Amino acid sequence: DGAKSWPLKPHSEVLDAIFTNNKMRALASFQDLYVGLEPYKNEKQLFGGVIKKTAPAVFGLLAALELHPTNNKAGVFAPIGGFRSVGNAFQSLAKDCGVQFQYNKTVTKITKNGVYTIDSSISSTGEKDVEFLPADVIVVNADFPFATRTLLDPKEGDEKNKDNGSSSGSAATTATTIPIDR
């Protein structure tokens, strides 16, 4: 039954049934971009691409959840001091735990024991000295396919973390769930 399956259809399929104007379709699908997906059905992929990069129609409810006038317990929130204050708080907590931060360095290679870097400051000129920074834990915030192809040492690491070339990228979003008690 089509009425029961609409949430998992490609968002564009549902929008096409409602709107004839492309600008209205774009307006009604902008929230798909929040999570790094596209609203358009991909005929070449299983389920129109919903499993890969196509947003399911249920994402059309995001705006309603955020903006509905009876929704006084949920919606869109921003941290006091802006989103930069969240990063500053995490950095302060990490420093309190002994984490050392390095700035103006470009990571060129990641190994199990640390990272190789070069100076990337604007004032740096000429030959760049490669420096090895040992580390107990390495957090990589790069796109997984990019990191596996360009940064991770192919001789190290688990087989499950090696990119076999089939990855086409990942969603361009970072989602953070922070439980709060009002």
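The model is predicted: local features need pLDDT of at least 70, side-chain atom pairs count only at pLDDT 80 or more, and totals for chains, interfaces and linings use all residues. Residues are numbered from 1 along each chain as its sequence is written, and side-chain values use heavy atoms, with hydrogens and water left out.

**Overall fold and confidence**

- The protein chain contains seven helices and three strands; helices (H or I, at least four residues) and strands (E, at least two) are DSSP runs, numbered from the N terminus.
- Going along the sequence, the pattern reads α-α-α-α-α-α-β-β-β-α.
- The average pLDDT of the protein chain is 76, and 69% of the residues score at least 70; pLDDT is the predictor's confidence in each residue, from 0 to 100.
- Where is confidence lowest, and where is it highest? Helix α1 (residues 2-5) has the lowest mean, 60, while β3 has the highest, 92.
- Of the 182 residues in the protein chain, 18% count as buried. Buried means under 20% relative accessible area, exposed means over 50%, and partly exposed lies in between (1.4 Å probe, protein chains only).
- Contact means heavy atoms within 4.5 Å. Among contacts between residues at least 6 apart in sequence, 39% join residues at least 24 apart.

**The three-stranded sheet**

- The three strands form an open sheet in the order β1-β2-β3, with antiparallel pairing. Two strands pair if DSSP finds at least two bridges between them.
- A hairpin links β1 to β2 through three residues, and five bridges join β1 to β2 (residues 114-119).
- K105 has D119 as its bridge partner in β2, T106 has I118, and I110 stands opposite V115.
- Five bridges also join β2 to β3; here I118 has V130 as its bridge partner in β3.

**The nonpolar core**

- Which residues make up the largest nonpolar core? There are five: I110, V115, L133, A147 and L151.
- A nonpolar core is a set of buried Ala, Val, Leu, Ile, Met, Phe, Trp, Tyr and Cys residues joined through side-chain atoms within 4.5 Å.
- Leaving out residues up to four places away in sequence, V115 touches V107, K109, I110, E131, F132, L133 and I138.
- As background, nonpolar side chains tend to be buried together in soluble globular proteins.

- Q91 lies in helix α6 (residues 83-96). Is Q91 buried or exposed? With 19% relative accessibility, Q91 counts as buried.
- Neighbours within four places in sequence aside, Q91 is in contact with F101 and Y103.
- The side chains of Q91 and Y103 make a polar contact at 2.3 Å. A polar contact is a pair of N or O atoms within 3.5 Å; within protein, one must be able to donate a hydrogen and the other to accept it, and residues adjacent in sequence count only if both atoms are side-chain atoms.
- N104 sits in the loop between α6 and β1, and has a positive phi of about 55° although it is not a glycine.
- Most residues other than glycine have a negative phi.

- R25 is part of helix α3 (residues 22-29), and the side chain of R25 reaches the backbone oxygen of F19 at 2.9 Å.
- Not counting residues up to four places away in sequence, R25 touches L15, D16, F19 and T20.
- F47 belongs to the loop between α4 (31-34) and α5 (62-67), and counts as exposed at 56% relative accessibility.
- The C-alpha atoms of F47 and K9 are separated by 7.3 Å, although these residues are 38 residues apart along the chain.
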